[in-house]
Amino acid sequence: MKHIISVLLENEAGALSRVVGLFSARGYNIESLSVAPTEDASLSRMTIVTRGSEDIIEQITKHLNRLIEVVKVVDLTEASYIERELMLMKVRAVGKDREEMKRMADIFRGRVIDVTDKTYTIELTGDSGKIDAFIEAIDPAAILETVRTGSSGIGRGERVLKV
């Protein structure tokens with residue numbers, strides 16, 4: 001099962017390396033990882049997407065909590081949460097394909113952010129399922145390049161990750 005783990009950690013050199021090392025040393029896979037400073041410049045928020053049973057996720061959470069730099073760990077998938085990912089995709093857009101690519105972007109509420117004679121660059125945000133569905137809907141031969149940020153997540157309502 002997919003889990004989105006949100007980690008609040010000290011914003012210092014080597015913290016990311018220790019978290020990633022923890023995963024690799026134990027054979028756990030990270031599907032996506034994003035890190036950025038929070039409103040408090042001394043802290044960063046890391047969002048890790050991984051897959052595993054409840055027991056494996058519990059082990060990961062316990063190991064993360066043992067790291068000195070880690071302030072707090074939350075598995076967002078334990079309760080209601082919001083997930084978003086950004087994707088930029090450059091597609092071939094020539095002749096009749098131009099109209100089709102624009103239509104597909106509109107259907108998925110994406111935006112064409114760059115236009116050339118032969119290509120469109122499409123920006124799409126949403127949960128990972130929406131991004132995957134868009135990729136499936138596009139002719140693979142038309143896809144020239146794809147960049148995805150990985151998921152970011154936040155708890156819904158009153159649920160917050162703070163010190």
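E83 sits in strand β5, which covers residues 81-92; helices (H or I, at least four residues) and strands (E, at least two) are DSSP runs, numbered from the N terminus. A quick word on the ground rules: this is a predicted model, where local features need pLDDT of at least 70, side-chain atom pairs count only at pLDDT 80 or more, and totals for chains, interfaces and linings use all residues. Residues are numbered from 1 along each chain as its sequence is written, and side-chain values use heavy atoms, with hydrogens and water left out.

Back to E83. With a relative accessibility of 8%, E83 counts as buried; here buried means under 20% relative accessible area, exposed means over 50%, and partly exposed is in between (1.4 Å probe, protein chains only). What does its side chain touch? The E83 side chain makes polar contacts with the side chains of K2 at 3.0 Å and S151 at 2.7 Å. A polar contact is a pair of N or O atoms within 3.5 Å; within protein, one must be able to donate a hydrogen and the other to accept it, and residues adjacent in sequence count only if both atoms are side-chain atoms. If you skip neighbours within four places in sequence, the residues in contact with E83 (heavy atoms within 4.5 Å) include I4, G126, D127 and S152.

Now for the charged pairs. Side chains of opposite charge can pair when their charged atoms come close. The structure holds 10 salt bridges, each being a side-chain nitrogen of Lys or Arg within 4 Å of a carboxyl oxygen of Asp or Glu. Among them are these:

| Salt bridge | N to O distance |
|---|---|
| E69 and R18 | 2.4 Å |
| R51 and E31 | 2.6 Å |
| R148 and E85 | 2.7 Å |

Take E69 and R18, which meet in a salt bridge. This pair links distant parts of the chain, 51 residues apart: E69 is in the loop between α2 (54-66) and β4 (70-75), and R18 is in helix α1 (residues 15-25). E69 is buried at 7% relative accessibility, while R18 is partly exposed at 37%.

R51 forms a salt bridge with E31. R51 lies in strand β3 (residues 43-51) and E31 in the loop between α1 and β2 (32-37), so the pair ties together parts 20 residues apart in sequence. E31 is partly exposed, at 41% relative accessibility.

Then there's R148 with E85. R148 belongs to strand β8 (residues 143-148) and E85 to strand β5, so parts 63 residues apart in sequence are tied together. Salt bridges with shared partners join E85, D132 and R148 into one network.
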